[in-house]
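Trainee: Please show me one part of this protein up close. I would like to start from a single residue and then see what lies around it in the rest of the chain.

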Amino acid sequence: MIETSQGEVEADVVVMSLGFKPNTEQFDLPKAPNGALLVNEFGATDDAHIYAVGDCALVHHMALGESVYLPLATVANKQARMMADHLAGKDTFLKGFLGSSCLKVLDYELACTGVTELMAQQAGMAVKVSVIKDKNQTDYFPGQEDILVKLVYQPETKVLLGGEIVGKKGAVGRVNALAVAISAGMTTEQLGYLDFCYAPPFARTWDVLNVAGNVAK
Ligand SMILES: Cc1cc2nc3c(=O)[nH]c(=O)nc-3n(C[C@H](O)[C@H](O)[C@H](O)COP(=O)(O)OP(=O)(O)OC[C@H]3O[C@@H](n4cnc5c(N)ncnc54)[C@H](O)[C@@H]3O)c2cc1C
């Protein structure tokens, strides 16, 4: 039994989502409302002597087309390398990020990449959304599980903008495939025919991503 300000709650597992904020109080520089520093594509702040990357700065979201806060190790590492190359005089460029991230909660894999429906709403971006429930693999090999795929895409062009996948097996790998498809500017139709591999323990002849692409109208 957990005691909360809203009363007692019976629970087997408690997830504490505490959050955090960038430690940037000491910098008198342009910031986002959460304190993250505003930087250009190379991590430069308004002060020529101060560059910022990682959890203390915003980054360019390549599918949303604007700067966002993506506090991830993946982002921090790639930005840091790009910034160091740039400062060392190397001709370098990073198109931006998709915020691809993944999580394991008990038996479930959860992963997402690109623009979510909520992000699109908040940014005033018109999107279409489709959700399917399918299977991760064939039924005649042990291990078949449900898998849910949500795609977010542009209504007219059908260009993929984002995706979220939940399932006990194969969710994370498929979100990585979606990240590639989004980075390449692919459409839902192209995803529907994309040549994903198949063998009974891993997928069905039409992978769940093919199905999701074909269902998205
Ligand atoms: C519990 C947890 C799990 C996570 N899991 C994942 C994951 O699975 N995948 C993923 O992509 N990301 C994950 N992250 C996010 C990832 O850890 C961060 O995005 C990443 O570490 C950011 O790197 P950074 O260098 O910007 O900041 P940090 O790694 O926080 O490094 C900042 C450093 O600066 C130091 N510092 C702060 N202020 C000062 C100061 N005034 N003077 C000197 N030093 C200072 C700090 O002590 C720290 O060492 C996780 C984060 C947490 C907290």
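Trainee: In which loop does leucine 106 lie, and between which two strands?

Mentor: Leucine 106 is in the loop that joins strand E5 (101-105) to strand E6 (108-114). Helices (H or I, at least four residues) and strands (E, at least two) are DSSP runs, numbered from the N terminus. Before we go further, please keep in mind that this is a predicted model, in which local features need pLDDT of at least 70 and side-chain atom pairs count only at pLDDT 80 or more, while totals for chains, interfaces and linings use all residues. Residues are numbered from 1 along each chain as its sequence is written, and side-chain values use heavy atoms, with hydrogens and water left out.

Now look at the backbone of leucine 106. Its phi is near 55 degrees, which is positive even though the residue is not a glycine. Leucine 106 counts as exposed because its relative accessibility is 65%. The cut-offs are these: buried is under 20% relative accessible area, exposed is over 50%, and partly exposed is in between, with a 1.4 Å probe and protein chains only.

Lysine 158 counts as buried, because its relative accessibility is 16%.

The domain assignment, which is automatic or taken from a database, gives domain 1 (1-97) and domain 2 (101-215). The C-alpha centres of the two domains lie 25 Å apart. Seven residues of domain 1 touch nine residues of domain 2, where contact means heavy atoms within 4.5 Å. The whole protein has five helices and nine strands, and from the N terminus on they run β-β-β-β-α-β-β-α-β-β-β-α-α-α. Of its 217 residues, 35% count as buried.

Next, move to helix H5 (residues 208-215), where Val208, Leu209, Asn210, Ala212 and Gly213 are buried. Their cover includes strand E7 (128-135), E8, E9, H3 and helix H4 (188-193).

Helix H3 (residues 171-183) brings us to arginine 174. Arginine 174 counts as buried because its relative accessible area is 8%. Its side chain reaches the backbone oxygen of asparagine 136 at 3.1 Å. Leaving aside neighbours within four places in sequence, arginine 174 is in contact with residues that include Asn136, Ile147, Ile165, Asp207, Val208 and Leu209.

Finally, visit the ligand. Around it are Asn23, Gln26, Gly54, Asp55, Pro71, Leu72, Ala73, Thr74 and Ala76, each with a heavy atom within 4 Å of the ligand. By class, this shell holds four nonpolar, four polar and one charged residues. Here Ala, Val, Leu, Ile, Met, Phe, Trp, Tyr, Cys and Pro count as nonpolar, Asp, Glu, Lys and Arg as charged, and the others, Gly among them, as polar. A polar side-chain atom of asparagine 23 is 3.1 Å from a nitrogen atom of the ligand. For aspartate 55, a polar side-chain atom lies 2.8 Å from a ligand oxygen atom. Leucine 72 takes part through its backbone, where a polar atom is 3.3 Å from an oxygen atom of the ligand. Taken alone, the ligand exposes 990 Å², and the protein buries 28% of that; such areas come from the Shrake-Rupley method with a 1.4 Å probe, and for residues only the protein chains shown count as cover.

How values were computed. A polar contact is a pair of N or O atoms within 3.5 Å; within protein, one must be able to donate a hydrogen and the other to accept it, and residues adjacent in sequence count only if both atoms are side-chain atoms.
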